[in-house]
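I opened this model to look up its salt bridges, its sheet and its surface patches. My notes follow.

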Amino acid sequence: AGVDQYLQLGLRFILRHMGMQFTRYQQYIWEKEQVLDRVLQPHYNVVEVGSFRGESLLQIQQKSAGGLHYIFEPLPSYHRKLVRTFGHHRCPIMRIALSNYDGVALFNFVETNPQFSGLKFWRYGKYESAEKYFIRVRMLDTLLPAHHPVHLIKIEAEGGELSILQGAVETLQRYKPIVLFEYRRPPARFYHQHSTMLYELLRSE
């Protein structure tokens with residue numbers, strides 16, 4: 001832990017002398033990598049929702065090489081790249097949106113900021129808009145094979161975290177996995193969720 005702190009301090013020092021600062025997003029990426037590095041075990045089976053460019057997936061495959069990994073990425077171009085780079089029989093990569101129901105829904109693709117894409121449209125920015133297309137929606141509980149233990153669930157869904165976890169209640173109750181997610185208030189408002197709702201759901205499971 002001490003080495004990691006010194007590395008981060010050193011990087012901050014270099015960036016500051018280059019006239020740059022650690023952004024909040026860079027800080028989040030750094031912290032996420034540190035958490036995954038500490039919790040992943042070689043045998044862990046992992047569910048990743050919103051793999052995007054695959055940075056965390058690379059870390060998951062390296063640290064938990066003996067596990068089975070289920071990856072969900074609804075953006076077509078990113079899904080194709082992930083399949084080419086990471087897909088194999090122990091790591092299926094599915095172009096499916098996860099939520100608390102099974103069906104079909106409109107998905108909002110934000111071309112200028114793809115990481116903001118999701119099942120709900122929210123005010124991204126003055127010059128941004130969303131392209132809409134239909135996508136399959138499934139619950140995690142109905143997708144995972146029976147008696148398949150899950151050790152870690154990682155979610156990056158820009159506001160859709162509560163709905164995804166509601167669709168994974170049986171998995172949470174059965175396996176008590178580690179749950180890692182990013183919560184951001186602006187998109188969460190458009191999904192009508194609050195941090196306390198996430199806390200209550202996870203505490204009850």
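**Salt bridges.** I began with lysine 32 and glutamate 156, whose side chains meet in a salt bridge at 2.8 Å, N to O. I count a salt bridge when a side-chain nitrogen of Lys or Arg is within 4 Å of a carboxyl oxygen of Asp or Glu. Lysine 32 sits in helix α2 (residues 24–39) and glutamate 156 in the loop between β7 (152–155) and α6 (161–166), so the pair ties together parts 124 residues apart in sequence. Helices (H or I, at least four residues) and strands (E, at least two) are DSSP runs, numbered from the N terminus.

I noted the source: this is a predicted model, where local features need pLDDT of at least 70 and side-chain atom pairs count only at pLDDT 80 or more, while totals for chains, interfaces and linings use all residues. Residues are numbered from 1 along each chain as its sequence is written, and side-chain values use heavy atoms, with hydrogens and water left out.

Is lysine 32 buried or exposed? It counts as buried, at 9% relative accessibility. Glutamate 156 is partly exposed at 23%. Buried means under 20% relative accessible area, exposed over 50%, partly exposed in between (1.4 Å probe, protein chains only).

The structure holds 7 salt bridges. Another joins glutamate 200 and arginine 203, with the closest N and O atoms 2.9 Å apart. These two are 3 residues apart in helix α9 (residues 195–204), so about one helical turn separates them. I also found a network: salt bridges that share partners join Lys32, Glu48, Lys154 and Glu156.

**Sheet.** I traced 5 strands in an open sheet, ordered β3-β2-β1-β7-β8, with parallel pairing. The edge strands β3 (93–94) and β8 (178–181) each pair on one side only. Two strands pair if DSSP finds at least two bridges between them. Strands β1 (residues 46–49) and β2 (residues 69–72) pair over 4 bridges. Valine 46 stands opposite histidine 69 in β2.

**Patches.** Which residues form the positive surface patch? I listed Arg53, Arg80, Lys81, Arg84, Arg95 and Arg136. Patch residues have over 30% relative accessible area and no salt bridge; like charges are joined within 9 Å, nonpolar side chains (Val, Leu, Ile, Met, Phe, Trp, Tyr) within 5 Å. Helix α4 (residues 76–86) gives the most, with 3 residues. Arginine 84 lies in α4 and counts as exposed at 63% relative accessibility.

I then looked up a nonpolar patch of about 320 Å², made by Val104, Leu106 and Phe134. Valine 104 lies in strand β5 (residues 103–109) and is exposed at 56%.

Methods
Accessible areas come from the Shrake-Rupley method with a 1.4 Å probe; for residues, only the protein chains shown count as cover. Lys and Arg count as positive and Asp and Glu as negative; His and the chain ends are not counted. The place of a charge is taken as NZ of Lys, CZ of Arg, CG of Asp or CD of Glu.
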